[in-house]
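Colleague: Hello! Could you walk me through this one, a question at a time?

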Amino acid sequence: MEKTVNQKAWFLVLPVLILVAFSAVIPLMTVVNYSVQDTFGNNQFFWAGLEWFEEMLSDERMWNALQRQLMFSAIILAIEIPLGIYVALHMPKSGFWSSFCLVVMSLPLLIPWNVVGTIWQIFGRVDIGLLGYTLDALGIDYNYTQDVFAAWVTIIVMDVWHWTSLVALLAFAGLKSIPDAYYQAAKIDQASRWKVFRFIELPKMMGVLMIAILLRFMDSFMIYTEPFVVTGGGPGNATTLLSIDLVKMALGQFDLGPAAAFSLMYFLVILLISWVFYTVMVNLDKKGM
Amino acid sequence: MTDATTPDTLTAGGATPRRRIKVNTSAIVMGLYLLFLMLPLYWLLNMSLKTNTEILNDFTLFPRDLTFANYATILTDPAWYMGYVNSLIYVVMNTVISLLVALPAAYAFSRYHFMGDKHLFFWLLTNRMAPPAVFALPFFQLYSSVGLFDTHIAVALAHCLFNVPLAVWILEGFMRGVPKEIDETAYIDGYSFGKFFVKIFMPLIASGIGVAAFFCFMFSWVELLLSRTLTTVDAKPIAAIMTRTQGASGIDWGVLAAAGVLTIVPGALVIYFVRNYIAKGFALGRV
C-alpha cells in the first residue's frame, strides 16, 4: 500500500512510546546502571566500569549455561521445525476435522507455562505418571531427577509437545495460501510428491517458516518456567539454562552487578540473532512470499 | 472428446488407490500427533478426578472412585479461587491497556511514513525478544519504588512489555488489508479522525481486534515469572498459588491436578472462535 509521509503520525505512536518507555526503558537502564557499579550494601554504589563484564566473560558458569542453552535451542529447532511441517502436510484442509485439529493443536499453547511444567513433572514420574510408569514397566531406567540424559529428554519432549503445534499452525497457514493452479501444473508435469514439496510448498512456506524459526528461537532462548518446574535446573547444573542461571544469580544470590552484566550480554545475543532472522524475513516479505 | 477424457479417467483411475493410501497415512499421522498432545492432558484430568489414595497407591487408567472433591476444595477456598480472580483481573487490565495504546499506533504504522518509523517498529519487536528473566529484578524495584508492588496494575503494566508490541504488530497486519480509499472517502464526507476511527475503521478490523485481544489475553495468562515476582498476597496469580500445594503430608496431587485443569479452561473456551486466525496472530499479522 502507498503510504504518505506524515510526521504528525508520531502523536498516534506516542502512547505506545510512553508506555513501553515506562515498562522497558526504565528497567533496562536500571540494569545498565547496576552493570557498571559495585556496592557494599547501604545503597552506596561506586563506579566499577566494565569489571563485571570482564568477570562474566571469563566465568565458566556463564559459558556453560550458554553452551547448554545453544544446545537446547538447536535440538528443539531441529525437531520442531521438520515435525511441524510434516504434521501440517498431513492436516485435513477443510471441514470439521480441520477445525477439530486446529482447536486440539492450539490447546498446549494456551496452558500457563508452569502448568506445562507441572503436567510433565507428573507425567514423567515413575510412581504416578503414565510416561514414567510405562517406561519403568518396560524395564527402561528412567528418572529425570537423577539422570542427566533423562532430564534432557524430558525437557526436550516437553518443549516439542508444547510448541510443535505453533510451527504446524504457521506452516498450515502457509500451505493454505498456495493456489490450486500450482498443484495442477505439477500434476501435468507429473512431478513426484517430493518435488511438489521441494519446489512448490517449501518456497511458498518460507515466509511463515522464518517467522516460526524466529519465534521458536527467541522463546526457547529465554525459556525459564517449564524446565525450572520440571527439573529445577538439575540434576546438578545439567539443565540450568541461561534464564534459570540468571534468576538464580539475581533474585537468589542478589549478585546485582554480575547479574546485570549477564543480562545485558544475554539480551544482546538474542537481539543480534533475531535481527538476522528479522532482516531475512523482511527481505522475503519484499519479494512477496 | 475421447482424447480429452481418456487421460483424465486414466489419472483418476490411477490416483484413486494412491489417494486412499494417502488419506490413511494422513489420518494415522494426525491421529498419532493428536494422541501425543492429548495424553499428558488426559493424565492431568484423570488425576484431578481421583482421590489422593488412589493416585499414590493404585495405578489406574481411569478414575475408579470418581470424585469432584479436588475441584470442590479449590472452588470453596478463597485462598485458591482468589488466585483465578487475581489472574483474570490483571489479564483483562493488560488486554484493555494494550489494545487502547496499540490501536492508534498500529494505524500510524499501517498508513503513514514518518521519521524513524522502521526503527521504531523493530525496536518494539525487540521488547518481545527481551527475556523476562532480565526484567524481573528491575521491575521488582521499579514497582516497589512507585508503590505499586503487589497490585494488579503492576502486573498488567509489566506484561505490556511483550503484549503491546505484539498487539501493534497483529493490528498493523490486519489494518494493512483495509484499502486506504475508505479513510479518504470518510474524510471527504466530513468525518473527524476520532469519529472515523471508532465508527467506521474499528468495525472493519473487528476480527483483528478480536485476535489481538485473544493473544494479549493468552500471553498474559500463561506468563508466570514476572507476575510471581511482582506479587506476594493481594494480587497473587493462580499459577503461583499452584506451586504451594506442598503440605505437611506431601504434595496434594489431586488438588494440584484440578488447579491445572482449571487454568486450561479459559483458553479452551475461547479458542474455538479464533481457530482460523491463530496462525495469523502468531505470525504477528503477516500470513
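**A walk through two chains**

Colleague: What length does helix 10 of chain B reach, from its first C-alpha to its last?

Modeller: Before we start, keep in mind that this is a predicted model. Helix 10 of chain B covers residues 206-222, which is 17 residues. At 1.5 Å a residue, the expected span is close to what the model shows, and from first C-alpha to last the helix reaches 24 Å.

Colleague: Is helix 10 of chain B largely enclosed by the rest of the structure or largely open, and how many of its residues are buried?

Modeller: A residue counts as buried if 20 or more other C-beta atoms lie within 10 Å of its own. Helix 10 of chain B is largely enclosed by the rest of the structure, because the number of its 17 residues that are buried is 13.

Colleague: Now to the two chains together. Which element of chain A gives the most to the side that touches chain B?

Modeller: The contact between the chains involves 73 residues of chain A and 79 residues of chain B. On the chain A side, the top contribution is 14 residues, and these come from helix 1 (residues 9-35).

Colleague: What classes of residue make up that side of chain A?

Modeller: Sorting the side of chain A that touches chain B by class gives one charged residue and 16 polar ones. The rest of that side is nonpolar, with a count of 56.

Colleague: Which residue is the bridge partner of A:Val5 in strand 1 of chain B?

Modeller: Strand 1 (residues 4-5) of chain A and strand 1 (residues 112-113) of chain B run parallel, joined by two bridges. One of the residues involved is A:Val5, and its partner in strand 1 of chain B is B:His113.

Colleague: How many helices does chain B have?

Modeller: Let's set the chains side by side. Chain A comes to twelve helices and three strands, and 42% of its 289 residues count as buried. In chain B, 45% of the 287 residues are buried. Chain B has three strands, and its number of helices is 14.

Colleague: How many residues of domain 2 of chain B are in contact with domain 1?

Modeller: Chain B is divided into domain 1 (2-48) and domain 2 (75-282). Domain 1 brings four residues to the contact, and domain 2 brings six.

Key: Residues are numbered from 1 along each chain as its sequence is written. Chains are lettered from A and ligands numbered from 1 in the order in which they are written. This is a predicted model: local features need pLDDT of at least 70, side-chain atom pairs count only at pLDDT 80 or more; totals for chains, interfaces and linings use all residues. Helices (H or I, at least four residues) and strands (E, at least two) are DSSP runs, numbered from the N terminus. The expected span of a helix is 1.5 Å times one less than its number of residues. A residue is buried if 20 or more other C-beta atoms lie within 10 Å of its own, exposed if 12 or fewer, and partly exposed in between; C-beta atoms are placed from the backbone. Two residues are in contact if their C-beta atoms, placed from the backbone, lie within 7 Å. Ala, Val, Leu, Ile, Met, Phe, Trp, Tyr, Cys and Pro count as nonpolar, Asp, Glu, Lys and Arg as charged, and the others, Gly among them, as polar. Two strands pair if DSSP finds at least two bridges between them. Domain bounds come from an automatic or database domain assignment.
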